[in-house]
Amino acid sequence: MSLTAQLPYQNPFRARGWKDCEDIVVQTSSPEIRADDAERQPPPAPEYSSWISQDRSTDPASVAMRREAAELVERVMEHYRANTTHEADSQWTEPVANYSDADRWQREMDAVHRTHPLPLAMSAELPGPNTYKAIDVLGIPVLITRDRQGVVHAMINACRHRGAKIIEPGCGVSKRLTCPYHSWSYDLAGELRGVYAEKTFGDVSRAERSLVRLPAGERAGIVFVSLDPAAEPDLDEWLGDLQPLLEGMRLADCHHHGTKELTSPNWKVTLDGYLETYHFASLHPKTVFETNLSNMMAHDTWGPHQRLSAALRPIAQAVDLPPDQRDPGELVGAIYWLYPGLAIAGGWRNKIAVSLVLPRTATESVTQQIILLRDPAVTEEERHAADKFGEWFYEVVRDEDYATTYGVQQGLAALNGTDFVFGRNEPGLQHFHRTVHAHLDNTARAAR
């Protein structure tokens, strides 16, 4: 029996009321969840609209993206007809200790986050000259800027006088970076430009006291930064054949509506929830499962990166339509996932939700939720719709995903010595953990 025979179709593009919903019981281990949050109903589901069907761009990346999206619809449609999903060749087991061991976590940080370029910002967060984004990564204060010529830079967000943090975390606009401690000032490229009372302080070498640079580059609307100042990352090689598909989504042309942060568990416990659709029906029965079919997706990889393409409910009405009448933005929920922790959901739609997961400690990470819009929200109605979209995304992740994964985190110590099993229907999890293992092995071999 097909899923559509079991489940009545409900239009996912209509805002829904929640008066008739049963109470949703969730664990409340997350520090972000207050005592009264368990009683609060989730916000109405946001309205979605397809962007890819309206795109008429003729550049090669856009043409390739639309062609590939049409082919992806056919693949997901085949899964729908057969009531199947993409499957790995076999199951995979992962020792529970690999999540909880603090020494292994440190080795992961060295082999992954301190070695490879990290996607730390969307280009839309730095929308013009003299803009910046400050973010803390593994205890390192990072400052990303766009100078007056539009070039992106990254540097350690610490004054070269006495190490004070120059800019607090967040996004903003500034023509000059001025340390709040003693007013030393730098330009957006990190060059030291001014020393307060230099006559009495003494001469200061501008070249030797500029901010410590970090390698940075911009591709397909995403800013990558390496935490190693001596690194020479090749971003084109790092993204490989995925890059044209990212460029075709034209994320660089989007508008940044807002960013929220969530505290989350161990980085791998957290990311495991982003890399499978198996849990949609059980964990999200009144939210994600309203728009997505559960345990039905296509899966693709590009080096360490991957894409999960879930079947959306309107696929039931499109199954008999000719291919040229199938809108990928309405039929497939494609999530592009850039290693080691950036998920782009809704890249074929007018509203896009980006999740950036960054480790803090062996037991904690932080998630930035970045909302992008194809067109800026100008009217009150547009701003309200964009706010609702962000609120829905935030509360579903907080009250359902992270409430559950904090429960996973609690159980790690008690399960030490056992392992987790990833099913054949969870190829995204398998690919992620295999990649982490490979990078740890490469680092160990290089150290011999």
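A salt bridge here is a side-chain nitrogen of Lys or Arg within 4 Å of a carboxyl oxygen of Asp or Glu. Before you start clicking, note that this is a predicted model, where local features need pLDDT of at least 70 and side-chain atom pairs count only at pLDDT 80 or more, while totals for chains, interfaces and linings use all residues. Residues are numbered from 1 along each chain as its sequence is written, and side-chain values use heavy atoms, with hydrogens and water left out.

**Stop 1: charged pairs**

With that rule, the count comes to 22 salt bridges. Select Asp300 and Arg75 to see one of them, with the closest N and O atoms 2.9 Å apart. This pair connects distant parts of the chain, since Asp300 sits in strand β14 (residues 292–302) and Arg75 in helix α2 (residues 60–82), 225 residues apart. Helices (H or I, at least four residues) and strands (E, at least two) are DSSP runs, numbered from the N terminus. Asp300 counts as buried because its relative accessibility is 16%, whereas Arg75 is partly exposed at 32%. The cut-offs are under 20% relative accessible area for buried, over 50% for exposed, and partly exposed in between (1.4 Å probe, protein chains only).

Which residue pairs with Glu108 at 3.2 Å between the closest N and O atoms? That is Arg104, and the two are about one helical turn apart because they are separated by 4 residues in helix α4 (residues 102–113). Glu108 also forms a salt bridge with Lys268, where the closest N and O atoms are 2.5 Å apart. Here the link spans 160 residues, from Lys268 in helix α8 (residues 267–272) to Glu108 in helix α4. Glu108 is buried at 1% relative accessibility, Arg104 is buried at 9%, and Lys268 is buried at 0%.

**Stop 2**

Select residues 222–225, which make up strand β12. Are its faces covered or open? Both are covered: Ile222 and Phe224 on one side, and Val223 and Val225 on the other, are all buried. In a regular strand the side chains alternate between the two faces of the sheet.

Two strands pair if DSSP finds at least two bridges between them. Look for Ala121 opposite Val223. β11 and β12 form a hairpin with 2 residues between them, and Ala220 in the turn has a positive phi of about 55 degrees.

**Stop 3: two hairpins in a row**

Move to strand β16 (residues 332–338) and strand β17 (residues 342–345), an antiparallel pair with 4 bridges. Trp337 stands opposite Ala343, and the hairpin has 3 residues between its strands. Next, include strand β18 (residues 351–361), which pairs antiparallel with β17 over 4 bridges. Leu342 faces Leu356 across this pair. The β17 and β18 hairpin has 5 residues between the strands, with Gly346 at a positive phi near 85 degrees.

**Stop 4**

Finish by selecting Thr178, whose bridge partner in β8 is Ser185.
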